[in-house]
Amino acid sequence: MGSLTDKLLGLQLYKDWHSNFPREHLSLESAFPEMVLSEERVDKLAQRMDLKGMRILELGCLEGAHSLILQKRGAKEVLSVEGRKDNFLKCLTVKNAFGLDKCRFILGDLEEVLPCLSKRFDICFASGILYHLVNPMAALFRISELTTKGLFVWTHYSTVQSPKGPVLKIEYNGRTYRGKHVRENLKDCLSGLSRDSFWMLEEDLFRVVRECGFGDIEVIQKEVHKHGPAVTFLARK
Ligand SMILES: C[S@@+](CC[C@H](N)C(=O)[O-])C[C@H]1O[C@@H](n2cnc3c(N)ncnc32)[C@H](O)[C@@H]1O
């Protein structure tokens, strides 16, 4: 059961929310209070880069929970791309309820949206998204063209053992990259938009990140996640 404030701000239009929002601070008549919000992945980035005044490109923003925290950590601008209509509408509801005046949301497949952008950002925040793409290499090269300072990533990658399946080779820009095809559950609001995504082998993932211009990679954490191996890293130019 949500509060009357939640209801009047439209947050009860959607039954299932994946993210936890600080709803207890919402008010109908006053702006959301100034406060530093905390979340594990944004915290890892903020410990390494001051987000104050940053222009941030966020990919696969789901319900806008990270967008909210990026704004609250001082970002000057957050442009967030989300490919699912229902998630996008939740983001707009969150933007209204929490007064996210620095955040703007785009509805579309980022593999189509990235080529349409021309503005430069300081950093790209790509949490939970690279392993949902058909061609993560193309996305990474485009991200690099659009950013001047860094790329923060949380992603799955593949190893010879995990996930199951043969190691495939894909050509991009005259180079070969190894990885595995993984079937997406398209009904899941967290999933990719195409039937199969390409989980790069770890070595090839870091190689393409360097090739596209982020020469300095700091591996922050590696995890044996229930869905497969995962890594958090910050790559700087
Ligand atoms: C696993 S969730 C990650 C959500 C959030 N960034 C996080 O780290 O908690 C992946 C999100 O990316 C979106 N998404 C997946 N593939 C996409 C694509 N090609 N273009 C845009 N959004 C996509 C999904 O709809 C979902 O909201």
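Which strand and which helix each supply at least two residues of the shell around the ligand? Strand E2 (77-82) and helix H5 (110-113) do. Before the close-ups, some ground rules: this is a predicted model, in which local features need pLDDT of at least 70 and side-chain atom pairs count only at pLDDT 80 or more, while totals for chains, interfaces and linings use all residues. Residues are numbered from 1 along each chain as its sequence is written. Helices (H or I, at least four residues) and strands (E, at least two) are DSSP runs, numbered from the N terminus.

**View 1. The shell around the ligand.** There are 20 residues around the ligand, and Gly 60, Leu 62, Gly 83, Ser 127 and Gly 128 come nearest. A residue is near a molecule or strand here if its C-beta atom, placed from the backbone, lies within 6 Å of it.

View 2. Leu 62 is not a glycine, yet its phi is positive, at about 55°. Look for Leu 62 in the loop between strand E1 (55-59) and helix H3 (65-72). Leu 62 counts as buried because it has 23 C-beta neighbours inside 10 Å. The cut-offs: buried takes 20 or more other C-beta atoms within 10 Å of a residue's own, exposed takes 12 or fewer, and partly exposed is in between, with C-beta atoms placed from the backbone. Asn 173, also not a glycine, has a positive phi of about 55°. Asn 173 sits in the loop between E6 and E7, and with 11 C-beta neighbours inside 10 Å it counts as exposed.

**View 3. Inside the largest nonpolar core.** A nonpolar core is a set of buried Ala, Val, Leu, Ile, Met, Phe, Trp, Tyr and Cys residues joined through C-beta atoms within 7 Å. The largest one has 60 residues, and Ile 56, Cys 124, Ala 126 and Leu 151 have the most contacts inside it. In soluble globular proteins, nonpolar side chains tend to be buried together. Leaving aside neighbours within four places in sequence, Ala 126 is in contact with Leu 59, Leu 151, Phe 152 and Val 153; contact means C-beta atoms, placed from the backbone, within 7 Å. Strand E4 (residues 121-127) runs parallel to E5, joined to it by 6 bridges, and two strands pair if DSSP finds at least two bridges between them. Cys 124 stands opposite Leu 151 in E5. E5 is mostly covered, with 8 of its 10 residues buried.

**View 4. Helix H7 and its buried side.** In H7, the buried residues are Asp 204, Leu 205, Val 208 and Val 209. They cover an arc of only 140° around the axis, so they end up on the same side of H7; the arc is that of the directions from the helix axis to the C-beta atoms. Their cover includes helix H6 (136-146), strand E7 (175-183), strand E8 (196-200), strand E9 (216-225) and strand E10 (228-236). Zoom in on Asp 204: it is buried, with 22 other C-beta atoms within 10 Å. Neighbours within four places in sequence aside, Asp 204 is in contact with Tyr 177, Arg 178 and Gly 179. Asp 204 and Gly 179 are 25 residues apart along the chain, and their C-alpha atoms are separated by 8.0 Å. After H7 comes Gly 213, with a positive phi near 125°.

**View 5. The E9 and E10 hairpin.** E9 and E10 run antiparallel and are joined by 9 bridges, and a hairpin links them through 2 residues. Ile 217 stands opposite Ala 235 in E10. The number of buried residues among the 10 of E9 is 0, so E9 lies largely in the open.

**View 6. A cis peptide bond at Ser 162.** The peptide bond from Ser 162 to Pro 163 is cis, with omega near -10°. Ser 162 belongs to the loop between strand E5 (147-156) and strand E6 (168-172). Ser 162 is partly exposed, with 15 other C-beta atoms within 10 Å. Leaving aside its neighbours within four places in sequence, Ser 162 is in contact with Gly 228 and Pro 229.

Notes. Two residues are in contact if their C-beta atoms, placed from the backbone, lie within 7 Å.
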